[in-house]
Amino acid sequence: MREVAPRYFPSGSPVSRTSRFGGQPFMIGLAALVAIVLGIGGIAGWRAFTGAAPELDRVVAARQLQARAAQASEQLVEKTKGLEATQQESIDQLQVVQDQLQTVRRLLAAQQADNKRLSEQVATLTESIDGLRQSFASARADDPAPSVRKPSRKKKIYRSTNRKRGKSQS
């Protein structure tokens, strides 16, 4: 078995005072209580002396943070609404451009069809003109040589009257 040390030591024993103190739980508790009371008293005195309570500062800081967060949230909402409006305007403009593009495509297709039709008509007319030229050339080849015409009398008379005037004026 194990021997248990006595709680109370005789005055002439070789045990030191510190070892006696370790055996007294009442003294340890009393020392801890005194330390706690002194700590609380020191904190209370510091708060009273400085006049600032950290709890109030924390509450004020928290309210300021809440106000800033609310303001930032409102700004984000406003910016989001602005972006939505801008996006909607862009979508509307894009729709208008797409409609214009479709109209231009239709007009281009119609113009290309007209160009094709006109080029076919020009080709047909060219063929007709070539046919007429060939028939005219063959008709000229079949005709005898044309006779030389004699100048008309009117021209001679006219010429003679001019001569007469020229002579009379001189």
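**Exercise 1. Describe the surface and the fold of the protein chain.**

Solution. The protein chain exposes about 16400 Å², of which carbon and sulfur atoms supply 60%; such areas come from the Shrake-Rupley method with a 1.4 Å probe, and for residues only the protein chains shown count as cover. This is a predicted model, in which local features need pLDDT of at least 70 and side-chain atom pairs count only at pLDDT 80 or more, while totals for chains, interfaces and linings use all residues. Residues are numbered from 1 along each chain as its sequence is written, and side-chain values use heavy atoms, with hydrogens and water left out.

Of the 170 residues of the chain, 1% count as buried (under 20% relative accessible area; exposed is over 50%, partly exposed in between). The chain has four helices and zero strands, where helices (H or I, at least four residues) and strands (E, at least two) are DSSP runs numbered from the N terminus.

**Exercise 2. Locate the salt bridge and state how exposed its partners are.**

Solution. The structure holds one salt bridge, meaning a side-chain nitrogen of Lys or Arg within 4 Å of a carboxyl oxygen of Asp or Glu. The side chains that meet in it belong to aspartate 114 and arginine 117, at 3.7 Å from N to O. Both residues lie in helix H3 (residues 54–142), three residues apart, about one turn of the helix. Aspartate 114 is partly exposed because its relative accessible area is 37%, and arginine 117 is partly exposed, with 40%.

Note on methods
Buried means under 20% relative accessible area, exposed over 50%, partly exposed in between (1.4 Å probe, protein chains only).
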